[in-house]
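Visitor: I would like to learn how to read cavities and ligand contacts. Can we go through them one at a time?

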Amino acid sequence: MYSRRQTRSWYLLGRLYDLAFAGMFRGLRRRVAAAVERDGLYPWLDVCCGTGSQLRGHPPDLVVCGLDKSLGMVRYAMARASGVPFVCGDAGQLPFKDGSFRAVSVSFGLHDKSPDLRRAMMAEARRVLAPGGRLVAVDFENPWSFKSKVGALAVRAVERLAGGEHYRNGRDFLSRGGLRAFLRESGFVETARHDVEIGSISVIVASPL
Ligand SMILES: C[S@@+](CC[C@H](N)C(=O)[O-])C[C@H]1O[C@@H](n2cnc3c(N)ncnc32)[C@H](O)[C@@H]1O
């Protein structure tokens with residue numbers, strides 16, 4: 001964790017990411033927060049937290065924590081989310097004890113990873129979840145309707161901009177069936193879901209088997 005003096009509110013990548021996506025993802029952030037709040041699933045860990053926008057404005061009395069591998073993002077996230085702790089670390093090797101959290105969330109942090117890292121991330125999420133804890137995942141599905149097909153085309157264009165490995169991993173993620181199939185194969189049972197047609201995206205709440 002970092003002191004206030006080490007934060008970086010001007011981090012360009014963070015600023016650009018927020019500019020592009022903060023508004024677009026507002027509804028998704030609310031859904032993820034609602035899934036956690038509804039069942040009081042604290043402490044809550046958000047992995048691959050990026051700019052930390054999921055945890056901004058969170059009540060200070062509830063224990064939440066963000067984790068990302070990019071130090072730049074972590075320092076930016078700390079500058080933007082007052083009072084929230086952020087850790088620089090690997091989602092495939094979490095620096096937390098078994099059973100430390102009642103919720104682990106991951107938004108758009110699975111499709112871009114290699115199959116091995118994705119598997120390691122799910123094993124780690126399972127390890128750090130306390131009994132009765134939940135995973136809340138947001139990511140892409142294969143399109144299921146005309147509207148979601150249009151959305152998927154737009155997403156594909158953005159993913160192409162993100163480049164080589166990110167794009168290839170994203171194609172691989174969908175070729176294996178997208179978020180629903182991935183969670184099932186990782187040994188999580190879906191307890192609730194919300195589909196967002198326009199982006200071919202799902203928000204899934206799941207329990208470890
Ligand atoms: C597409 S961004 C998603 C950010 C955020 N969750 C959101 O919804 O806007 C993926 C994030 O994963 C982070 N990341 C990549 N590899 C990681 C790893 N092994 N462990 C933790 N974070 C990682 C990147 O630094 C990036 O911030």
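Visitor: Which residues line the second largest cavity?

Guide: A cavity is a set of points, on a 1 Å grid over the protein atoms alone, where a 1.4 Å probe fits but cannot get out; lining residues have an atom within 4 Å of a point. Here the lining is Arg118, Phe173, Arg176, Gly178, Phe182 and Glu185. Helix H7 (residues 178–185) gives the most, with 3 residues. This is a predicted model: local features need pLDDT of at least 70, side-chain atom pairs count only at pLDDT 80 or more, and totals for chains, interfaces and linings use all residues. Residues are numbered from 1 along each chain as its sequence is written, and side-chain values use heavy atoms, without hydrogens and water.

Visitor: What lines the largest cavity?

Guide: Val47, Ala91, Leu94, Val104, Val106, Met121, Met122, Ala125 and Leu135 line the largest cavity. By class, that lining has 9 nonpolar, no polar and no charged residues. H4 supplies the largest share, 3 residues.

Visitor: Which atom of Ala91 faces a ligand nitrogen at 2.8 Å?

Guide: A backbone N or O atom of Ala91 does. Ala91 also lines the largest cavity.

How values were computed. A polar contact is a pair of N or O atoms within 3.5 Å; within protein, one must be able to donate a hydrogen and the other to accept it, and residues adjacent in sequence count only if both atoms are side-chain atoms. On a 1 Å grid over the protein atoms alone, a cavity is a set of points where a 1.4 Å probe fits but cannot get out, and a pocket is an open set with protein on both sides within 12 Å along at least five of seven lines; lining residues have an atom within 4 Å of a point. Helices (H or I, at least four residues) and strands (E, at least two) are DSSP runs, numbered from the N terminus. Ala, Val, Leu, Ile, Met, Phe, Trp, Tyr, Cys and Pro count as nonpolar, Asp, Glu, Lys and Arg as charged, and the others, Gly among them, as polar.
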